[in-house]
Amino acid sequence: METPYANHIILAMYADIAQLALITGYCLLGADAAPKPHALPSIIACQTIETLYFFTGQLHVLMAVHRFVYVLAPRFTRRWKSSTTKMLLVCTTISIARILLMTALDTGMYWVYDRATALWFITETPWTHFYEMYLELAWSIGEMAAILVLDGITLSHLISWRAMMSRERAQNHKHIETRLVLQSFCQCVPTAAVTILYFLVFPNIKSQFIQFMCSSFVLSFGNVLDAIIILIFHLRFSLFRKNAIGAITASATPAAANYKEASTLP
């Protein structure tokens with residue numbers, strides 16, 4: 001597994017675990033022990049949880065960029081590795097900036113957990129709809145689109161390289177393409193679930209149970225699902241081990257020579 005990609009995976013797992021731990025701990029606090037919903041400690045806790053959610057979303061995009069660079073532009077791999085820390089800092093800065101922008105737009109706008117109804121929501125202000133539509137909904141859609149487009153281009157190049165190989169060897173590499181498609185799709189599932197159920201369904205329903213399912217449940221379940229997907233695609237099953245693929249010569253084209261490295265994508 002390449003070190004930059006491994007770092008992205010580890011950080012995504014840590015962010016998922018930290019987010020789930022904060023959500024669980026904060027929600028399990030009794031009404032007497034918990035700070036008031038609009039008190040500063042509650043605001044900091046809720047905003048931290050949201051920042052971690054933003055950070056994991058951007059890490060998924062970074063993983064797609066890594067796959068894109070690794071397959072389409074291997075000559076830039078060394079430069080990409082050296083810029084990993086900078087890219088992670090950019091992701092962190094953007095995540096924090098999105099939360100700070102919420103406060104900058106309106107100091108009364110922040111995430112709240114209502115213990116009476118067990119619902120998460122953003123306080124209602126003149127800027128709430130704008131924030132939800134553009135910095136939550138549209139942003140999430142943009143992240144999913146970026147992942148699908150980058151992985152789509154990566155997949156098309158993998159398929160074109162496979163056409164240069166013998167039939168037997170090409171068959172042995174088809175699982176790489178299948179894995180890429182599944183990984184790209186699955187990584188978008190948690191974000192899509194939260195985006196659709198919370199921002200589109202939740203505001204238009206009256207049933208308190210369905211509101212709970214579209215709010216607290218989907219936010220926690222999406223977090224757990226994201227961690228499960230990361231584990232599924234990055235545990236070393238024998239099907240995806242490097243030694244199960246075999247050697248590839250550079251006899252055809254430079255692209256065919258690079259396929260060996262593409263086929264061992266983390």
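Modeller: Let's start with Arg 67, which makes a salt bridge to Asp 151, with 2.8 Å between the closest N and O atoms. This is a predicted model, so keep in mind that everything here is computed from it. The Arg 67–Asp 151 pair links distant parts of the chain: Arg 67 belongs to helix α2 (residues 40–72) and Asp 151 to helix α5 (residues 128–162), 84 residues apart. Both ends are tucked away, as Arg 67 is buried and so is Asp 151.

The structure holds 2 salt bridges, and the other pairing is Arg 98 with Glu 143, where the closest N and O atoms are 4.0 Å apart. Arg 98 comes from helix α4 (residues 84–105) and Glu 143 from helix α5, so this pair ties together parts 45 residues apart in sequence. Arg 98 has a relative accessibility of 4%, so it counts as buried. Glu 143 is buried too, with a relative accessible area of 11%.

Asp 16 is buried yet has no salt bridge. Its nearest side chain of opposite charge is our friend Arg 67, and that one is 13 Å away. What does Asp 16 touch, then, leaving aside neighbours within four places in sequence? Its contacts are Thr 56, Asn 223, Asp 226, Ala 227 and Ile 230.

Methods: Residues numbered from 1 in each chain as written. Predicted model: local features only at pLDDT ≥ 70, side-chain atom pairs only at ≥ 80, totals over all residues. Heavy atoms only, no water. Buried < 20%, exposed > 50% of the residue type's maximum accessible area, 1.4 Å probe, protein only. Lys, Arg positive; Asp, Glu negative; His and termini not counted. Contact = heavy atoms within 4.5 Å. Helix = DSSP H or I, 4+ residues; strand = E, 2+ residues; numbered from the N terminus.
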